[in-house]
Amino acid sequence: MSDTVAADAPNLKLESQWIARARQGDQTAFSQLVTVYQKPVFNVCYRMLGNRADAEDAAQEAFIRAYLKLDTYNTDRKFSSWLFSIASHHCIDRLRKQRMKLVSWDDLPPWNWIPAKKSEQPEAVMVENENTRELHALLNTLPPDYRAAVVLKYWHEMSYDEIAASLDTTVSAIKSKLFRARKMMAQAAKKKEAPSAAVGITAPLTVL
Amino acid sequence: MVNPMDKFTEKLPQYLEDGLTEAETIELEAHLADCAVCQAEFDALTRFDRLLASAPMAAPAPNFVAVFETKLERRLNRRRTLLGVLVIGSLLTAFSAVLVWGVFVSGAELWQWLSAGSLWQVGFDIFNGLVVVGVTIGKIAAITFDALAKLMRHPALWGYVSVGVGLVWLWVQLFRWTNFARQPVAVRSQPSA
């Protein structure tokens, strides 16, 4: 996990050269930065959004935004955490918009009340394996900003300070978010196991 | 209903974040080994961590950078186009605003002027001016003619006039000569013997 970041991180001198060139409008220099950071940035988006297609789109959008506001980047900061900040903010926005879209004008007319057949629904689950599916189901129970904190903490092993700086909050807010996120996910995990237990109890009753 | 186990379950998240004192940690670990309920709670809390271990950093599709470059190019083009539209649009707006202002203001002034009836006044003024100029020129011609007629009747005046003209001519010649003398003389290079 963290070793991948370390292995992919270029030496800082080269990185700052690329940044300086990209600031002057050199797009190939910025492409070098994208090549280096595509994996961690994509991972943040993938873990937050839960599917590959959205994640690739979001990651590319994050890089485009980074290029467009490269002059606001403070070189004292780590470039990777600046990128993570842009990516996670973008994903948080996306998730909030998705939530708004759940009740859209299209859903209001009565002929849309009948749900589409399961097989017709787009974005058939493209998760890699059972574990990933369960992991994303757990992450899905969290509010967007909690999800960002969890992803940055556990996959990218960022410190509380770095996470707080990336998400524009305080260290204590991040700590309480991570703490509550863990509780929420534990509850979700328990709930998931509960139905099977309930079936076990109700089944004999129906027989009687 | 207060569960006596709550004392321990509440501490579990802190335990996971290394937030307990050493004594509390020892107490909690001892309790965990015995208590099935707390063990289940601990399992639920750490389920995420266990799942995480099996989920490495995800990699994007191989064409990620290429797609990014295309998207960036398109975005930059759109921005440029937008900027162009904005500049040309604002220029056109400003130009047409000036045009409209000019037409309206000057139109209004012209209308006011015309409706005040001053056009006839201006025409009359011009005509009057022409008449005055004509009369003046006529008077100047009459005076000159009168002076010439008087001069011809007194021949001594001819002498004065010719001496005056001669003196003026002499002065002009003198002036031209001095001006000419001040000009530098071109030095001709002579082949040395």
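Between chain A and chain B, an area of about 3700 Å² is buried, and carbon and sulfur atoms give 64% of it. On the side of chain A, Gln60(A), Ile64(A) and Arg182(A) lose the most area to chain B, together 18% of what that side buries. Keep in mind as you look around that this is a predicted model. In terms of contacts, 44 residues of chain A touch 32 residues of chain B.

What holds a charge on each side of this meeting place? The rule finds 3 salt bridges across the interface of chain A and chain B. In a salt bridge between the two chains, the side chain of Lys71(B) meets that of Asp57(A), at 2.7 Å from N to O. There are also 10 residue pairs in polar contact across the interface of chain A and chain B, with both residues at pLDDT 80 or more.

Which helix of chain A gives the most to the side that touches chain B? Helix 3 does, with 12 residues. Other helices of chain A that supply at least two residues each to this side include helix 4 (52–68) and helix 9 (171–207).

Helix 3 (residues 27–49) of chain A also holds Phe42(A) and Tyr46(A), which are 4 residues apart, about one turn of the helix. In general, an α-helix has 3.6 residues a turn, so residues three or four places apart point the same way. The ring centres of Phe42(A) and Tyr46(A) lie 5.7 Å apart with the planes at 10°, and since planes under 30 degrees apart count as stacked, this pair is stacked. Are these two residues buried or exposed? Phe42(A) is buried, with a relative accessible area of 0%, and Tyr46(A) is buried too, at 1%.

Over all chains, the structure holds 10 aromatic pairs. Ring pairs also join residues of both chains into a cluster: Phe30(A), Phe63(A) and Tyr67(A) with Phe64(B) and Phe68(B).

| Charged residue | Ring | Distance to ring centre |
|---|---|---|
| Arg52(A) | Tyr46(A) | 5.5 Å |
| Lys153(A) | Tyr154(A) | 5.0 Å |

Tyr154(A) brings us to helix 7 (residues 144–154) of chain A, where 10 of the 11 residues are buried, so this helix is largely enclosed by the rest of the structure. Among its buried residues are Pro144(A), Asp145(A), Arg147(A), Leu152(A) and Tyr154(A).

Key: Residues are numbered from 1 along each chain as its sequence is written. Chains are lettered from A and ligands numbered from 1 in the order in which they are written. This is a predicted model: local features need pLDDT of at least 70, side-chain atom pairs count only at pLDDT 80 or more; totals for chains, interfaces and linings use all residues. Side-chain values use heavy atoms; hydrogens and water are left out. Rings of Phe, Tyr and Trp (its six-membered ring) pair if their centres lie within 6.5 Å; planes under 30 degrees apart count as stacked, over 60 as edge-to-face and the rest as tilted. Buried means under 20% relative accessible area, exposed over 50%, partly exposed in between (1.4 Å probe, protein chains only). A charge sits over a ring if NZ of Lys or CZ of Arg is within 6 Å of the ring centre and within 35 degrees of the ring normal. Contact means heavy atoms within 4.5 Å. Buried area is the accessible area (1.4 Å probe) that two parts lose on being put together, summed over both. A salt bridge is a side-chain nitrogen of Lys or Arg within 4 Å of a carboxyl oxygen of Asp or Glu. A polar contact is a pair of N or O atoms within 3.5 Å; within protein, one must be able to donate a hydrogen and the other to accept it, and residues adjacent in sequence count only if both atoms are side-chain atoms.
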